[in-house]
Amino acid sequence: MSVSDLAGNTEEVILDRVGSAAVIRLNRPKALNSINLPMVQAIRAALDDHADDPSISAVVLAGEGGRAFCAGGDIRVLFDMGKADDPETTRFWREEFPLNYAISHYPKPFVALMDGITMGGGVGLSAHGRHRVVTERTRLAMPETGIGYFPDVGATWLLPKAPGEVGTWMGLTGLEINGADAIYAGLADACVSSGRLPDMIEALGALNAEAGDKGVEAVIADFAISPGQGTLEQNRALIDRCFGFDTVEEVLDALSGEDDDFARHARETILKRSPTSLKLALRLIRAGRESSGLVECLEREFAAGLEILRNHDFYEGVRAAIIDKDRNPKWSPATLADVQSESIDRYLGGRHGTLFPDHRL
């Protein structure tokens, strides 16, 4: 089956060759390259095809349009299917999460160009790769608590690995960070000016097909610039003081004790998020610290996603954010105090083996 067939003949994924570099381009610029199921399938098919091609030195994943690498998954589709109790609702996650894992273990050098908006599912397509490039235009976030969801696509494996409590700050606030912050958080490796990305792809394509990761690293290093110091590094001590607790209430209390604009903004932002999502996200991030690997986290996230579809906040969050666009979600329960720990346990009760039945933890 061709990529055009998989993508519904809309060319939502464009396959290109630049010398020895295979380039996969996400091509939904009006939707900020948000990914849907056909795109997931097309990317996976291309990766499978390229993996054994001896003429390919590296696989590059990029976004078209100049504004976004990938703004995440197409949540409107999940909203509509979930509302309709469509039995195929979870198929997107069933194929997206294994794609995230495949990227993390891809046999050829995999280069993600995180130019522009890189959020949610876009982080899953990039941050698990071996060569992750940001630019001066990068705006990265895991904003899911703002729509009644939680950081997924393996983020509960990635975020706990960030320095100190930086990942906890990202998961709870959902606020955007820049390229310097992304590198500091361990979600990217190098910064390249957006205007030089075409030249860098050309240089990657000039590599011998057997150059391997060292050859790719050398090319990226030739184009890399200093990203400077980001906000997260500047506020690391405060983040660690305030976000090292195991309850959201304690985090908020700690933030209220800081006479600092960064802390006030974080606290004000958290108070607008779904109380259920906040408690779930913190539990998942803490569980990620003790996990055996990415697969365990993906399985846990998938189980939590199934429960999300049975409850109010996801549908209300999407309604307020992208349907009615009133930015005024009515969460239920409405406060952190009303979210019982037993209710969060339901999201974490899934069994291992749904997505990766043959994988041993």
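Predicted model: local features only at pLDDT ≥ 70, side-chain atom pairs only at ≥ 80, totals over all residues.
Strand S3 is mostly covered, with five of its six residues buried. By buried I mean under 20% relative accessible area, as against exposed at over 50% and partly exposed in between, with a 1.4 Å probe and protein chains only. Strands here are DSSP runs of E with at least two residues, and helices are runs of H or I with at least four, both numbered from the N terminus.

Residues are numbered from 1 along each chain as its sequence is written, and side-chain values use heavy atoms, with hydrogens and water left out.

Let me turn to the neighbours of S3. Two strands pair if DSSP finds at least two bridges between them. Strand S2, residues 21-26, is joined to S3, residues 58-63, by six bridges, and the two run parallel. Between them, the chain passes from S2 through helix H2, residues 37-51, to S3, in a β-α-β crossover that is right-handed. Right-handed means that, with the strands pointing away from the viewer, the path from the first strand over the helix to the second runs clockwise. Within this pair, Val23 stands opposite Val60 of S3, and Arg25 stands opposite Ala62 of S3. Val60 also has a bridge partner in strand S5, namely Val111. S3 and S5, residues 110-114, pair in the parallel sense over three bridges.

How many residues of S2 are buried? Six of its six are, and the strand is accordingly described as mostly covered. Both faces are covered: Ala21, Val23 and Arg25 lie on one side, Ala22, Ile24 and Leu26 on the other, and all are buried.

On its other pairing, S2 is joined to strand S1, residues 13-18, by six bridges, and these two run antiparallel. Val13 has Leu26 of S2 as its bridge partner, and Leu15 has Ile24 of S2. The hairpin of S1 and S2 has two residues between the strands, and Gly19 there takes a positive phi near 60°.

These strands belong to an open sheet of seven, in the order S1-S2-S3-S5-S7-S9-S10, with mixed pairing. Its edge strands are S1 and S10, the latter at 224-225, and each pairs on one side only.

There is another open sheet, of three strands in the order S4-S6-S8, with parallel pairing. S4 (68-70) and S8 (139-141) stand at the edges with a single partner strand each, so one side of each is left without a neighbour in the sheet. The twist averages 15° from one strand to the next. S6, residues 117-119, pairs with S8 in the parallel sense over three bridges, and Ile117 has Arg139 of S8 as its bridge partner.

I come now to the helices. The axes of H2 and H4, residues 91-104, come within 10 Å and cross at roughly 30°. Axes are lines fitted to C-alpha atoms, for helices over the stretch in contact, and angles run from 0 to 180 degrees between N-to-C directions. H2 and H4 are therefore roughly parallel to each other; angles under 35 degrees count as roughly parallel, over 145 as roughly antiparallel, 65 to 115 as roughly perpendicular and the rest as oblique. Their crossing is left-handed, meaning that the near helix is turned anticlockwise from the far one by less than a right angle, with clockwise being right-handed.

The axes of H7, residues 166-173, and H15, residues 275-289, come within 9 Å and cross at roughly 155°. That makes H7 roughly antiparallel to H15, and the crossing of H7 and H15 is right-handed.

Helix H16, residues 294-308, is mostly covered, with 14 of its 15 residues buried.

Finally, two loop residues. Which loop holds Asp74? Asp74 lies between S4 and helix H3 (75-83). At 18% relative accessibility, Asp74 counts as buried. Asp74 and Ile35 are 39 residues apart in sequence and 5.7 Å apart in space, C-alpha to C-alpha. Arg130 sits in the loop between helix H5 (121-126) and strand S7 (131-134), and at 32% relative accessibility Arg130 counts as partly exposed. The C-alpha atoms of Arg130 and Thr173, 43 residues apart along the chain, are separated by 27 Å.
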